[in-house]
Amino acid sequence: MSSQPEDVAEADSAVEAEARETAGGLPLRVEGVRKTFGGITAVDGATFEVEEGTLTGLIGPNGAGKSTTFNCITGVHEPDGGAVYFEGEDITGARPHAIAQQGLVRTFQIAREFEEMTVLENMMLAPDHQVGESITRSVVPGLRGNVVEQERQLREDVWEMLEFFEIDHLAEEYAGNLSGGQRKLLEFARALMLDPEMMLLDEPFAGVNPSLEKKLLDRIHELREEQGLTFLLVEHDMDLIMENCEHIIVMHQGRVLDEGAPERIKNNEEVIEAYLGGEV
Ligand SMILES: Nc1ncnc2c1ncn2[C@@H]1O[C@H](COP(=O)(O)OP(=O)(O)OP(=O)(O)O)[C@@H](O)[C@H]1O
Ligand SMILES: [Mg+2]
């Protein structure tokens with residue numbers, strides 16, 4: 001009887017491993033996703049895959065459909081057509097919370113913290129299963145010690161993360177009083193607290209100073225190399241994309257215009273044209 005939980009855990013990980021295998025090492029697969037808003041087609045049959053452990057760039061001129069694609073992947077919008085698979089599982093139309101719990105976590109182009117809560121409170125809320133559980137468990141005798149230890153650990157993790165993101169001095173500040181860049185950092189830090197397997201980052205460095213940007217990029221590379229985390233990054237700074245991403249997906253008018261290594265993308269006339277066209 002005592003071996004039951006282990007058996008179950010083993011069976012679970014076998015199922016997970018099989019799902020990964022079916023996905024062929026592909027954490028994310030987007031197939032023909034479409035999203036319209038009234039008469040506007042924001043995403044028009046976007047199809048691409050992201051390989052495990054990569055830092056993949058998602059680029060394209062303003063209005064190309066990058067953020068809407070993120071919204072369709074993470075359940076913020078339900079796509080009008082197409083499908084999204086995470087680690088081999090169809091997650092199309094699933095709730096954002098459920099998708100995050102599966103390990104697919106994102107940040108928003110316009111950061112979304114609870115403005116009337118402090119930075120620290122926002123961070124403590126992030127791994128909600130821990131805080132939520134601890135509140136319920138605190139009334140169950142015998143689990144109290146566990147709860148105290150869990151919360152102590154959570155606080156320690158939160159402070160470590162705040163220090164790394166260089167916003168620890170803002171811990172007691174209301175999120176609503178932060179600058180744009182500081183909000184981006186809080187959101188990024190909060191997303192990392194969820195212990196993700198894959199992160200979708202929508203312009204995470206906007207308003208962030210260059211030395212911190214460099215430090216965060218180093219951390220991203222470290223998380224990929226050491227823990228196999230996968231990143232999909234929307235970013236307008238081409239030098240940053242070309243220097244850091246091994247694979248780049250270019251969107252234009254809701255579709256994938258081209259994808260490949262930086263060298264290929266840099267020299268693609270159609271890509272250059274799409275950018276110039278967007279600016280005129
Ligand atoms: N909620 C919405 N309601 C109506 N139209 C929308 C909505 N969200 C996006 N759009 C429209 O869809 C198109 C794609 O927008 P999206 O924000 O996905 O582009 P983007 O590639 O992220 O652009 P940017 O680089 O400027 O962030 C745009 O024409 C935009 O105005
Ligand atoms: Mg956008």
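A residue is taken to be near a molecule if one of its heavy atoms lies within 4 Å of it. The model is predicted, so local features require pLDDT of at least 70 and side-chain atom pairs pLDDT 80 or more, while totals for chains, interfaces and linings use all residues. Side-chain values use heavy atoms, without hydrogens or water; residues are numbered from 1 along each chain, and ligands from 1 in the order in which they are written.

Ligand 1 is surrounded by 14 residues, the closest being G63, K66, T68, Q109 and H236. Polar contacts are pairs of N or O atoms within 3.5 Å. A polar side-chain atom of K66 lies 2.7 Å from an oxygen atom of the ligand, and for Q109 the corresponding distance is 2.9 Å. An N or O atom in the side chain of H236 is also found 2.9 Å from an oxygen atom of ligand 1. Of the 640 Å² of accessible area that ligand 1 has on its own (Shrake-Rupley method, 1.4 Å probe), the protein covers 65%. Helix α2 gives the most to the shell, with three residues.

The magnesium ion (ligand 2) has S67 (OG) and Q109 (OE1) as protein donors, at 2.0 to 2.1 Å; donors are N, O and S atoms within 2.8 Å of the metal (3.2 Å for Na, K and Ca), and sites may look incomplete because water is not among the atoms. S67 belongs to helix α2 (residues 66-73) and Q109 to the loop between β6 (104-106) and α4 (119-125), 42 residues apart. Helices (H or I, at least four residues) and strands (E, at least two) are DSSP runs.

Definitions and conventions
A polar contact is a pair of N or O atoms within 3.5 Å; within protein, one must be able to donate a hydrogen and the other to accept it, and residues adjacent in sequence count only if both atoms are side-chain atoms.
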